[in-house]
Amino acid sequence: MVDEAVRMEATSRIGLVMATIRQRIAGRSLVPGSRLPSVRSLAGSLQVSVSTVVEAYSRLAAEGAIVSRPGSGFYVATQVAPMTLAAIGPDLDRAIDPLWISRQSLEADDAIPKPGCGWLPATWLPEQSLRKGLRTLSRAGVDALSNYGSPLGLTPLRRLIGRRLGERGVEASPDQILLTESGTQAIDLLCRFLLEPGDTVVVDDPCYFNFQALLRAHRIRVAGVPYTPNGPDIEAFATILVERRPRLYITNSAVHNPTGATLSPAIAHRVLKLADQHGLVVIEDDIFADFEHTPAPRLAGFDGLERVIQIGSFSKTLSAAVRCGFIAARQEWIEGLIDLKIATAFGGGRLSEELIHAILADSSFRKHNEALRTRLERARRDVGARLRDLGIVPWTEPRAGMFLWCRLPEGRDSADLARAALAHNLVLAPGNAFSATQAAAGYMRFNVAQMQDERTFEILRSIL
């Protein structure tokens with residue numbers, strides 16, 4: 001007889017058969033290499049049809065739990081040794097580097113608080129819009145479900161992105177927009193297109209840590225310019241351009257990561273003037289644009305996509321599981337980037353592009369974002385107040401977004417606190433992971449959306 005636990009697990013007759021075999025394998029009544037009961041004998045003992053057992057065996061074989069030997073039957077597959085907790089535990093002794101936060105955040109269990117990660121909780125994302133978009137996509141023609149996408153990207157989505165850019169003061173025709181698989185891939189393609197190993201690139205200090213990681217993967221030298229609440233320190237920026245002769249400047253303008261600061265129009269104009277004088281190309285990462293109530297100045301808007309290239313994606317406000325980003329640039333540069341995209345990724349991710357377009361074209365996503373901005377505003381205020389009670393002070397008061405860049409109590413090192421927190425299953429983002437000059441040991445970035453669990457403040461209180 002099949003015990004009650006198996007019956008609870010099974011949601012169908014096929015599921016019943018699969019659960020029965022899994023239970024026998026787990027209970028060692030079927031060991032690796034053992035022959036499974038014949039299709040007919042198992043169908044009789046479980047009182048299901050032969051076709052049901054055939055389908056269940058086929059699915060188990062697809063999972064790798066069993067293997068088929070033509071003319072002989074089905075056998076239990078050789079099992080991979082189970083991974084131990086020690087093997088999957090975080091490396092507490094690893095140096096804090098630009099990849100440290102990503103590794104801890106991505107590998108941590110979903111139930112673990114992650115105030116150091118750079119994305120929203122799943123419950124804050126537009127689940128109903130995603131499900132509606134998936135239903136729409138399921139009714140699409142077979143070409144949308146099966147074929148390679150155009151290297152330039154889905155035309156209706158590029159048109160829609162162009163309209164969205166126009167709302168923020170950036171004029172870009174569909175032919176000036178190239179779709180990518182992510183914002184990270186967009187930067188990777190641009191590095192391949194614009195840079196050679198040994199070139200120098202300016203980044204903000206602090207900046208998004210993966211900028212540094214990606215540049216070093218391309219063997220690029222990194223120069224950090226101090227960042228202020230209004231943008232890069234212009235005097236330091238000018239000095240770097242003269243002394244280091246960089247090819248590129250990568251930055252966030254509207255909602256800066258990690259500080260949450262916003263570029264001022266005056267600083268934007270001076271940055272562009274210096275870029276023109278020194279032949280500098282600027283990549284403006286606008287991935288957090290949907291978090292703004294009122295659009296802030298864009299370098300790409302002032303520049304008209306002459307020296308400035310704007311990139312973005314939809315992972316922060318729509319879904320990190322649906323990979324799609326874009327590059328908006330001069331049309332002659334787009335042509336070269338298309339060739340690079342074909343060489344490195346071949347066609348576009350058509351399924352993702354079709355899904356993104358279906359969601360963005362629906363009014364429910366815009367309404368969701370309006371509610372999300374208000375929710376984040378409230379979270380920034382509430383979390384900021386609670387952090388101040390612990391002696392952790394926000395460096396500035398962001399107008400949008402999910403980040404607070406905070407100064408720790410005097411004498412506290414954020415890397416030490418991050419390691420201590422990880423021992424309590426709390427993932428934090430220490431300051432020097434964002435700093436090219438390692439000048440931010442006394443700072444930490446907090447994601448306010450990921451701090452709705454009381455455990456976060458209890459752990460912070462205990463380790464301070």
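Guide: Helices (H or I, at least four residues) and strands (E, at least two) are DSSP runs, numbered from the N terminus. The model is predicted, so that local features need pLDDT of at least 70 and side-chain atom pairs count only at pLDDT 80 or more, whereas totals for chains, interfaces and linings use all residues. Residues are numbered from 1 along each chain as its sequence is written, and side-chain values use heavy atoms, with hydrogens and water left out.

Visitor: Is Ile-311 buried or exposed?

Guide: Ile-311 belongs to strand β9. Residues under 20% relative accessible area count as buried, those over 50% as exposed and those in between as partly exposed (1.4 Å probe, protein chains only). With a relative accessible area of 0%, Ile-311 is buried.

Visitor: Which residues does Ile-311 touch, not counting residues up to four places away in sequence?

Guide: A contact requires heavy atoms within 4.5 Å. Leaving out residues up to four places away in sequence, Ile-311 touches Gly-183, Ala-186, Ile-187, Leu-190, Ile-283, Glu-284, Asp-285, Asp-286, Ile-287, Phe-326 and Ile-327.

Visitor: Which strands stand at the edges of the open sheet of eight strands?

Guide: Two strands pair if DSSP finds at least two bridges between them. The order in this sheet is β3-β10-β9-β8-β7-β4-β5-β6, with mixed pairing. One side of each edge strand is left without a neighbour in the sheet because each has a single partner strand; these are β3 and β6 (231–232).

Visitor: Which residue is the bridge partner of Val-201 in β7?

Guide: Strand β4 (residues 200–205) pairs with strand β7 (residues 248–251) in the parallel sense, over three bridges. In β7, Val-201 has as its bridge partner Leu-248.

Visitor: What is omega for the cis peptide bond that joins Asp-205 and Pro-206?

Guide: Pro-206 is placed in the loop between β4 and α11 (209–217). The bond from Asp-205 to Pro-206 is cis, and omega is about 10 degrees.

Visitor: What is omega for the cis peptide bond that joins Asn-257 and Pro-258?

Guide: The loop between β7 and α13 (265–278) is the place of Pro-258. Asn-257 and Pro-258 are joined by a cis peptide bond, with omega about 20 degrees.

Visitor: Is Arg-245 buried or exposed?

Guide: Arg-245 lies in the loop between α12 (234–244) and β7. Although not a glycine, Arg-245 has a positive phi of about 50 degrees. Its relative accessibility is 69%, so Arg-245 counts as exposed.

Visitor: Is Leu-305 buried or exposed?

Guide: The loop between α14 (299–303) and β9 holds Leu-305. Leu-305 has a positive phi of about 60 degrees and is not a glycine. Since its relative accessibility is 1%, Leu-305 counts as buried.

Visitor: Which elements do the buried residues of α9 pack against?

Guide: The buried residues of α9 are Leu-157, Arg-158, Leu-160, Ile-161, Gly-162, Arg-164 and Leu-165. Just after the helix, Gly-169 takes a positive phi of about 85 degrees. The buried residues of α9 pack against β3 (177–180), β9 (308–313), β10 (325–328), α16 (350–360) and α17 (363–389).

Visitor: Which strands stand at the edges of the open sheet of four strands?

Guide: Its strands follow the order β11-β12-β14-β13, with antiparallel pairing. Each edge strand has a single partner, so one side of each lacks a neighbour in the sheet: β11 (393–394) and β13 (429–430).

Visitor: What separates the C-alpha atoms of Pro-398 and His-256?

Guide: Pro-398 lies in the loop between β11 and β12 (403–407), and is buried, with a relative accessible area of 11%. Its contacts, not counting residues up to four places away in sequence, are Thr-259, Gly-260, Arg-380, Phe-403 and Leu-404. Pro-398 and His-256 are 142 residues apart along the chain, and their C-alpha atoms are separated by 9.0 Å.
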